[in-house]
Amino acid sequence: MQITDIKIRKTFDDGPLKAVVSLTFDAQLAVHDIKVIYANDRFFIVMPSRKNGDGTYRDIVHPINADFRVMVEEAVLAAYNEELAKAETSIAEE
């Protein structure tokens, strides 16, 4: 399974939530609401989840193995960093 598209839907400056991302796999399956988080001096992703009746959260979609999680996380963070670089370039040009 290959990531065929990554869209940075929204970015945030304040707080630990830095971006909301959508991924497309094999040009056939989209996963929305993946979050880019900055906490404990590092960036990581959080998969889409919903709140249970007891106040806990449960992932709706998640990687089954560590290798796939690393691949997804690296791709999302690379796209996020690219988006930040574009934004900085736009600000510098203005």
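**Entry 1: E73**

I looked up what E73 touches: not counting residues up to four places away in sequence, E73 is in contact (heavy atoms within 4.5 Å) with F44 and I45. This is a predicted model, so I kept in mind that local features need pLDDT of at least 70, that side-chain atom pairs count only at pLDDT 80 or more, and that totals for chains, interfaces and linings use all residues. Residues are numbered from 1 along each chain as its sequence is written, and side-chain values use heavy atoms, with hydrogens and water left out.

E73 sits in helix α1; helices (H or I, at least four residues) and strands (E, at least two) are DSSP runs, numbered from the N terminus. Is E73 buried or exposed? I found E73 buried, where buried means under 20% relative accessible area, exposed over 50% and partly exposed in between (1.4 Å probe, protein chains only). Still, E73 has no salt bridge, meaning a side-chain nitrogen of Lys or Arg within 4 Å of a carboxyl oxygen of Asp or Glu. The nearest side chain of opposite charge is R69, at 4.6 Å; for charge, Lys and Arg count as positive and Asp and Glu as negative, with His and the chain ends not counted.

**Entry 2: salt bridges**

I then asked how many salt bridges the structure holds. There are 2.

One joins the side chains of K7 and D5, N to O at 2.4 Å. K7 is partly exposed at 38% relative accessible area, and D5 is partly exposed at 28%.

The other links K86 with E82, their closest N and O atoms 3.8 Å apart. These two are 4 residues apart in helix α1 (residues 66-93), so about one helical turn separates them. K86 is partly exposed at 49%, and so is E82 at 48%.

**Entry 3: the sheet**

Next I traced the strands. I get an open sheet of 4 strands in the order β1-β2-β3-β4, with antiparallel pairing; two strands pair if DSSP finds at least two bridges between them. β1 (3-11) and β4 (42-46) stand at the edges with a single partner strand each, so one side of each has no neighbour in the sheet. On average, neighbouring strands are turned by 30 degrees against each other, direction ignored. Axes here are lines fitted to C-alpha atoms, for helices over the stretch in contact, and angles run from 0 to 180 degrees between N-to-C directions.

I checked β3 and β4 too: they run antiparallel and are joined by 5 bridges. V36 has I45 in β4 as its bridge partner, and K35 stands opposite V46 in β4. Their hairpin has 2 residues between the strands, and N40 takes a positive phi near 50 degrees there.

**Entry 4: helix and core**

α1 lies across β1, β2, β3 and β4, at about 50 degrees to β1.

Which residues have the most contacts inside the largest nonpolar core? They are V21, L23, I34, V36, I45 and V76, in a core of 15 residues. Such a core is a set of buried Ala, Val, Leu, Ile, Met, Phe, Trp, Tyr and Cys residues joined through side-chain atoms within 4.5 Å. α1 gives the largest share of this core, 5 residues.

Leaving aside neighbours within four places in sequence, V76 contacts I6, V21, L23, V36 and I45.
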